[in-house]
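Reader: I have a structure to go through before I set anything up. Can you walk me through it?
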Amino acid sequence: MPLNKLTKKIFKGLSLVVLTLALAIAMQAFLFASFKVPTDSMGPTILPGDFVYVNKLLIGPRIYENSGFLKGQQTPYKRITKGAKMR
């Protein structure tokens, strides 16, 4: 196999891996998140060690105000809700 074809195959494979990782990170950041329950505070419904998946589209994204971060304060944020009510 010539070097040019080998380079194209390697580039295609690496670009597929990078695209897959970028898509997975974007989905984790904007669409859903997974958490492991550390204590029994929500028992008996959710037990320690259970995994919980959160739909981020339901509660809306956070919009941060970065001015407080530079001053060492806690960063305030607002949520853009889509009309869904949280329970």
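Predicted model: local features only at pLDDT ≥ 70, side-chain atom pairs only at ≥ 80, totals over all residues.

Reader: Start simple. How many helices and strands does the chain have?

Author: There are three helices and four strands in the chain. Read from the N terminus, the order of elements is α-β-β-α-β-α-β.

Reader: And what percentage of the residues is buried?

Author: Of the 87 residues in the chain, 7% are buried.

Reader: Surface next. What is the accessible surface of the chain, and what share belongs to carbon and sulfur atoms?

Author: The accessible surface is about 8,000 Å². Carbon and sulfur atoms account for 67% of that.

Reader: Which residues make the nonpolar surface patch?

Author: Leu23, Met27, Phe30, Leu31 and Leu57 make it, and the patch covers about 470 Å². Helix H1 gives the largest share, with three residues.

Reader: Is Phe30 in a helix or a loop?

Author: Phe30 sits in helix H1. Phe30 counts as exposed because its relative accessible area is 59%, and the cut-off for exposed is over 50%.

Reader: Which residues does Phe30 touch, leaving out those up to four places away in sequence?

Author: Phe30 touches Lys56 and Leu57. Phe30 and Leu57 are 27 residues apart along the chain, and their C-alpha atoms are separated by 7.5 Å.

Reader: Where is Leu31?

Author: Leu31 lies in the loop between H1 and strand S1, which spans 32–36.

Reader: Why does Leu31 count as partly exposed?

Author: The relative accessibility of Leu31 is 35%. Partly exposed runs between the buried limit, under 20%, and the exposed limit, over 50%, so Leu31 falls in that class.

Reader: Changing topic: charges. Which residues gather in the patch of positive charge?

Author: Lys5, Lys8, Lys9 and Lys12 gather there, on the surface.

Reader: Take Lys9. Which helix is Lys9 found in?

Author: Lys9 is in helix H1, which covers residues 3–30.

Reader: Is Lys9 buried or exposed?

Author: Lys9 is exposed, because its relative accessibility is 56%.

Reader: So what do I note down for H1?

Author: Note that H1 holds Lys9, one of the residues in the positive patch. H1 also holds Phe30, and H1 supplies three residues of the nonpolar patch.

Conventions
Residues numbered from 1 in each chain as written. Heavy atoms only, no water. Patch = residues over 30% accessible without salt bridge, like charges linked within 9 Å, V, L, I, M, F, W, Y side chains within 5 Å. Areas by Shrake-Rupley, 256 points an atom, 1.4 Å probe, with all protein chains shown as cover. Salt bridge = Lys/Arg side-chain N within 4 Å of Asp/Glu carboxyl O. Lys, Arg positive; Asp, Glu negative; His and termini not counted. Charge placed at Lys NZ, Arg CZ, Asp CG, Glu CD. Helix = DSSP H or I, 4+ residues; strand = E, 2+ residues; numbered from the N terminus. Buried < 20%, exposed > 50% of the residue type's maximum accessible area, 1.4 Å probe, protein only. Contact = heavy atoms within 4.5 Å.
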